[in-house]
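Please consult the sequence and structure shown here while reading.

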Amino acid sequence: MIDIAPTIATSSSKSYGWFDLAMRHRVLLASIFVLIFPFVMPFTALAVNILIYGLYALGFNLLFGYLGLLSFGHAALFGTGAYLCGIAIVHFGLPWYAAIAVGVLSALVMATLIGSLAIRTRGIYFAMVTMALAQCVYYLFYQAVDWTGGENGLRGINVRTINLFGLQFDFINPLVRYYVVASFVILAFFVLSRILASPFGAVIEAVRENEARARASGYNVIATRLITFVLSGGFCGLAGALSALHLSIVPIESLHYETSGTAVMMTLLGGMGTFFGPFVGAAVFLLLENLVSLWTVHWQLIVGAVFVVCVLFFPEGIWGTILKRIKP
Amino acid sequence: MSGLSFDLIALQLFTGLALGAIYVLFAIGLSLIFGMLTVVNFAHGAFYMVGAYAGLFLVSMGGNFWICLVAVPLLVGTFGMIVERFLVRPLYGRGIDYPLLLTFGLSYIMVELIRIAFGTSGYPFDTPELLQGAVDIGVGYFPLYRLFVIGATAVVLIGLWLFLERTSFGLIIRAGARDPQIVRVLGVDVSKVWLIVFGIGTAIAGFAGLLAAPLQGVIPEMGATILAEAFVVTVVGGMGSIGGAVLAGLLVGVVVSMSSLFAPEMAKVSIFALMAIVLLIRPQGFFGRAGLMS
């Protein structure tokens, strides 16, 4: 384990500009944005989707943006969270909060399994191994028809009311649904921010910047990678579990290769290694998908082209570029 | 087990080799490009798919399969060179992830363009007349086309080997894979070599797609499935090693066909289990050098 806390370099300048102030209160600002977000969206269901995929990309970004490991298998974590949450409700009749916990825990277990195999390889292998293992998970769930519904997906996840401390909320109401999901997302913002601000968060970035130096400084690079992968899996599993509740069905596509790719695209579009970037990326991706779908079914062409342009000319992503511009 | 005679197993072995031959072709292109350019080509499956569709198109225009065998690799290879020149080249030196991400985005575009041009549903691809039927190979009758796939793969491999080992350009390629900087110092235009290597790699992918078309039919998504399986081949064989790609490709093909004989429900998962075992015992693969790609 990591037992030596690195000293985090503190800015010596006395005057904190508004930019630093905003950076310090990123969780608060992001939360406020999430709370007013549904009122600027064309319809609430889309806003819920953006929240869920934003959370998914947020978890992916912890691994890709902050640790520098490119995974092409995060669908396995998202899908495991979604399926196990759904199975807990459909087959075991668990209440919604327990089902979410089951989803997150099983995603953590899945991340430990995939992670401990994949981190045995280094560099560019990682993307290939994670993709191949995710494909394996896809086939396993596909074939367990009795539990997962196979090709048709897992149906019948009906959560109509949410009970909390004696209060009853109507989960069918889109706005209520939005704020239920939003409360989990805000919690995730807080947890992620705590992880990044902790000594362990500094180690994560140290490993990304210079693996050899981090190792020479006495940090356990392998353990850091595995723990980050598992934490990332927890966020993605939560996103998956919420999507199961939101859609009332878990389609087999949630384990598909394209779902893994979606996380990569959203994170890069928004800005990897930035706190709020993945959320921006998810919003842009899904808005683009919705808008383009209005006039052509071939929205992937436009999304793919935007992504390629982003890789070529804006590698910092939309949010990353904005941050760079407005930084005083 | 009754009914599982030696002949049946031997036949299934040949089926596995034919399947493995496709994996081999796919994976050596991937390996060649990676070994030289350190680019993991996520669009490799898309080039494979385009090869199958190019064959479909040429046949529908009145061409025959034998013309396709020459024309398809040329077309796909040329397209690959255009991609390298204008899209991949600006990204050299910007980190290993960027070319990967670019080719990933490109594969979306290619698949969608094919869907626009040919529709979302698949097409059957007729086996050329001359290669229909089966021949007796001693242990039973075996489809002639599958034998042809094995033979064509062998021809491509021998041609590639002669090209890399016996020509001066092949020498430059091998040297460039070792140390591009020294090659550049010696006055070789490395970027031109990379362009050609990318062209060869994608041409072989297109050829593999064409060979696979009569076996599996043609659909826009055919590339994504084989990409994941080819990554298994690459991990098992060792990245950047052509010999490793050949051996691992055949092995994966045989594992798939044998598991579909003995445990059909495990056929899809078996190769990933194989990969997991190799990762646990020898993370760098059969022929990979430890720490090469870190």
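## Burial and basis of the model

A residue is termed buried if 20 or more other C-beta atoms lie within 10 Å of its own, exposed if 12 or fewer do, and partly exposed in between, with C-beta atoms placed from the backbone. The model is predicted: local features need pLDDT of at least 70 and side-chain atom pairs count only at pLDDT 80 or more, whereas totals for chains, interfaces and linings use all residues. Residues are numbered from 1 along each chain as its sequence is written, and chains are lettered from A and ligands numbered from 1 in the order in which they are written.

A:Val104 is placed in helix H5 (residues 96-118) of chain A; helices (H or I, at least four residues) and strands (E, at least two) are DSSP runs, numbered from the N terminus.

Two residues are in contact if their C-beta atoms, placed from the backbone, lie within 7 Å. When residues up to four places away in sequence are not counted, A:Val104 touches A:Gly81, A:Gly234, A:Gly237, A:Leu238 and A:Ala241. The C-alpha atoms of A:Val104 and A:Asn290 are separated by 29 Å, and these residues are 186 residues apart along the chain.

Helix H11 of chain A covers residues 221-247. The expected span of a helix is 1.5 Å times one less than its number of residues. For the 27 residues of H11(A) this gives 39 Å, and the end C-alpha atoms are 39 Å apart, which agrees. Of the 27 residues of H11(A), 22 are buried, so that the helix is mostly covered.

Although A:Ser248 is not a glycine, its phi is positive, at about 60°. A:Ser248 counts as partly exposed because it has 16 C-beta neighbours inside 10 Å.

## A hairpin in chain A

Strands pair if DSSP finds at least two bridges between them. Strand S2 (residues 161-164) and strand S3 (residues 167-170) of chain A run antiparallel and are joined by four bridges. A:Leu164 stands opposite A:Leu167 in S3(A). Two residues lie between the strands of this hairpin, in which A:Phe165 takes a positive phi near 50°.

## Contact between the chains

In the contact between the chains, 34 residues of chain A meet 34 residues of chain B. On the side of chain A that touches chain B, helix H6 (125-143), helix H12 (257-270) and helix H14 (299-313) each supply at least two residues. H6(A) gives the most, with 12 residues. The residues of that side comprise 24 nonpolar, eight polar and two charged; Ala, Val, Leu, Ile, Met, Phe, Trp, Tyr, Cys and Pro count as nonpolar, Asp, Glu, Lys and Arg as charged, and the others, Gly among them, as polar.

H6(A) has 19 residues and reaches 27 Å from its first C-alpha to its last, close to the 27 Å expected at 1.5 Å a residue. H6(A) is mostly covered, with 15 of its 19 residues buried. A:Leu140 is placed in helix H6 of chain A and counts as partly exposed, with 16 C-beta neighbours inside 10 Å.

## The largest nonpolar core

A nonpolar core is a set of buried Ala, Val, Leu, Ile, Met, Phe, Trp, Tyr and Cys residues joined through C-beta atoms within 7 Å. The largest has 201 residues, and those with the most contacts inside it are A:Ala132, B:Phe26, B:Val235, B:Val252 and B:Met275. Helix H1 (residues 6-37) of chain B gives the most to this core, with 17 residues. Leaving aside neighbours within four places in sequence, B:Met275 is in contact with A:Ala132, B:Val232, B:Val235 and B:Val236.

## Chain B as a whole

Chain B has 11 helices and two strands, in the order α-α-α-α-β-β-α-α-α-α-α-α-α along the sequence. The radius of gyration of chain B, taken over C-alpha atoms, is 19 Å. The globule rule (2.2 Å times the number of residues to the power 0.38) gives 19 Å for 294 residues, so chain B is as compact as a globular protein of that length. Of the 294 residues of chain B, 49% count as buried.
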